[in-house]
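Here are my notes on this one, written as I'd jot them for a colleague. Have a look at the model before reading on.

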Amino acid sequence: MLAFLHSGPSGRPMIKRSTRASFTSTSPPVNFLLPARRRSVRVPTATPPRASWLERDVYTVIEVPRTFAYSLFSDLEAMPSWSPWLDSVVVDEQDVTISTWKLAARGINVSWKAKNVVVEEGVVIQWESLTGLKNRGAVRFLDEGSEGKCRVTMKISFMIPDFAKKISSGIVSQKVDEALEADLKRFRARCLLDHRKEMKKMRL
């Protein structure tokens, strides 16, 4: 505040306080008035776990002609009848090389879309997945020894995380082998049954 000196009645100087208020400047700094700079915040992205292919192969010998076994296996939509792991297989009406697969077993439900990349009548069917569960494989049909017998070899690969492969690769491999061998065993039984029925019709 401002003070003024003047003489009072006794002649002594007196201090008179000003009635004007004194204000201290509270204006914000110039930088505060400027628009705040936007800071870019990096959001960490989740890194997908590394994965690799787990390859398994099994085979069976069937006492039917190679072409007969091929024709039965190539009927993809009939596969669930001898493979209980499969819930359904639907072949695309617009492109017969593409099919949609659904697996339902032991509480596990998985689906994927696959494409036949190599098809040689009576010899091989090779596929790879397009969406969903990553897998690829091939089934080959070879003449075995005497006429009227063939060898069916199935090779299939699944993409699994590396950590799972390191921890339980032996268990996973064993389970996959058991499932594939069981499927081929059922396929063999189906081939023999259908072939006998066909031969019986031919004799009539």
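The points below cover the sheet, the helix across it and the nonpolar core.

1. Ground rules: this is a predicted model, where local features need pLDDT of at least 70 and side-chain atom pairs count only at pLDDT 80 or more, while totals for chains, interfaces and linings use all residues. Numbering starts from 1 along each chain as its sequence is written, and side-chain values use heavy atoms, with hydrogens and water left out.

2. The sheet is open, with 7 strands in the order β3-β9-β8-β7-β6-β5-β4 and antiparallel pairing. (Strands are DSSP runs of E, at least two residues, and helices are runs of H or I, at least four, numbered from the N terminus; a pair needs at least two DSSP bridges.) At the edges sit β3 (51-62) and β4 (86-91), each pairing on one side only. Neighbouring strands are turned by 20° on average, direction ignored (axes are lines fitted to C-alpha atoms, for helices over the stretch in contact, with angles from 0 to 180 degrees between N-to-C directions).

3. Thr100 has Lys113 in β6 as its bridge partner.

4. Helix α2 (66-73) lies across β6, β7, β8 and β9, at about 155° to β8.

5. The largest nonpolar core has 30 residues (buried Ala, Val, Leu, Ile, Met, Phe, Trp, Tyr and Cys joined through side-chain atoms within 4.5 Å; buried is under 20% relative accessible area, 1.4 Å probe, protein chains only). Helix α3 (162-203) gives the largest share, 6 residues.

6. Phe187 is among the residues with the most contacts inside that core. Leaving aside residues up to four places away in sequence, Phe187 touches Ile62, Ala69, Leu72, Phe73, Trp82 and Val152 (contact: heavy atoms within 4.5 Å).

Methods
Buried < 20%, exposed > 50% of the residue type's maximum accessible area, 1.4 Å probe, protein only.
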